[in-house]
There are 2 protein chains.
Amino acid sequence: MDRRQKKTRQAVYDAFTGLLKKKNYSVITIQEIIDKADIGRSTFYSHFETKDDLLKSLCTEVFEHIFSTELEKETTHDFSHDHGTEACVTHILYHLKEHMDFMAGILSGDGGDLFMGYFKVYLEKLFGHAVRDMSSGIPADYMLNHMVCDFAETVRWWTGHPEYTPDEISGFFFETTPIK
Amino acid sequence: MDRRQKKTRQAVYDAFTGLLKKKNYSVITIQEIIDKADIGRSTFYSHFETKDDLLKSLCTEVFEHIFSTELEKETTHDFSHDHGTEACVTHILYHLKEHMDFMAGILSGDGGDLFMGYFKVYLEKLFGHAVRDMSSGIPADYMLNHMVCDFAETVRWWTGHPEYTPDEISGFFFETTPIK
DNA sequence: ATCAAAACCGAACAAAGTGTTCAATATCTA
DNA sequence: TAGATATTGAACACTTTGTTCGGTTTTGAT
């Protein structure tokens, strides 16, 4: 990728996350972003379609990085046998901790729900296999949604209580979820 | 309340819920609402500050109606002893079913998260007492959030699978939540 | 070093939506 | 009926968005 593009994207990402620490997503203006990033208006629009698109791009970048390892394992081996859901979840939590700043910023205000939506797409892939053979009276559909939301909300809660370690959070999650 | 005001509010509510069946919350325009409600622009603004305020008012009206009974019981008697969390939840679910149309509309697109936010405020009041004396290693804070989100997401899932009865949904909820 | 391609700039523009104002009109309640 | 209150609708300023385009700078390959 062209060096200029990389620099521009990074400048936008930095400006955006910087603004997120001070104000809510919905009140952030594209004008503010390009002012802070110090780029031209048309440049922004040559990279991103809208503000939502920017958020989506940023989320995708973060999630691709975090989930790439775990999702590989999941497709090549048997997910729940290989190393267990618990180890996998803890691993994810350690990765997420590195992005705590961005997550806390976006999750503290509106726009957090957009983040949650993108997050859940990846979680569905991750938990998809673990739910297959639950021969209870509960729809697999419901079960998957339950796990995904449960974990996503745990992470949201975590951003408001960053004093806990990934292992502690993992503990909370598995003590309150029906799947081990 | 003045008969005119009542009529105006109802017309706006109807127009709004009607539009929600056809398009997402975020793309609905105030102009569309007042056109469909057949009221003047300034009239809308004398009733509601913004579109979000309208949604909030509508949610509040619905929730006040649904939760008033249960929240009364909760303050006067011992919540978990009197009739049990399970009966209470089922009761709420029966009430919610009456508003399935509105819920499905708002929850199917964006704006659903706003609904969820208002919903959770009431659920916190409802579940607040049930969480008090959980002497496990889990923060009561986390536990309450878990229950609230769990139930709210169950309801969201329900609006996408309205073929299930309130009792079935209640069953799903209590089989996957650590609190009985 | 050169040069064509690609990225960036930035001012100007149209379009859409927001929220306010105000004088005239209609409706309600007592 | 009369005074109070609610509604009307057009006009307005304002904000933000997304696009356009001619000119400038940077890049990467030869």
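Tutor: A residue is near a molecule or strand if one of its heavy atoms lies within 4 Å of it. Please keep in mind that the model is predicted.

Student: How many residues surround DNA strand C, and which are the closest?
Tutor: With that cut-off, the residues around DNA strand C number 21. The closest are A:Q5, A:T8, A:G40, A:S42 and A:T43.

Student: What percentage of the atoms of DNA strand C within 4 Å of the protein do sugar and phosphate account for?
Tutor: The atoms to consider are those of DNA strand C that come within 4 Å of the protein. Of these, the share belonging to sugar and phosphate is 58%.

Student: How many residues of the surface near DNA strand C are charged?
Tutor: By class, this surface has 3 nonpolar and 10 polar residues. The charged residues number 8.

Student: How far is a polar side-chain atom of A:T8 from a phosphate oxygen of DNA strand C?
Tutor: Polar contacts are taken as pairs of N or O atoms within 3.5 Å. For the side chain of A:T8, the distance is 2.5 Å.

Student: Turning to the cavities, what is the volume of the largest cavity?
Tutor: The model has 2 cavities of 30 Å³ or more. The second largest cavity has a volume of about 30 Å³. For the largest cavity, the volume is about 100 Å³.

Student: Which element supplies the largest share of the lining of the largest cavity?
Tutor: The lining includes A:H146, A:C149, B:Y142 and B:N145. At least two lining residues come from α9 (140–159) of chain A, and at least two from α9 (140–159) of chain B. The largest share, 6 residues, belongs to α9(B).

Student: Which element gives the most to the lining of the second largest cavity?
Tutor: Among the residues that line the second largest cavity are A:Y142, A:N145, B:T154 and B:W157. Two or more lining residues come from α9 of chain A, and two or more from α9 of chain B. The element that gives the most, with 4 residues, is α9(B).

Note on methods
Residues numbered from 1 in each chain as written. Chains lettered and ligands numbered in written order. Predicted model: local features only at pLDDT ≥ 70, side-chain atom pairs only at ≥ 80, totals over all residues. Heavy atoms only, no water. 1 Å grid on protein atoms, 1.4 Å probe; cavity = no way out; pocket = protein on both sides within 12 Å on 5 of 7 lines; lining within 4 Å. Points joined across faces, edges and corners; volume = space filled by probe spheres on them. Polar contact = N/O pair within 3.5 Å; in protein donor to acceptor, adjacent residues only side chain to side chain. Nonpolar A, V, L, I, M, F, W, Y, C, P; charged D, E, K, R; others polar.
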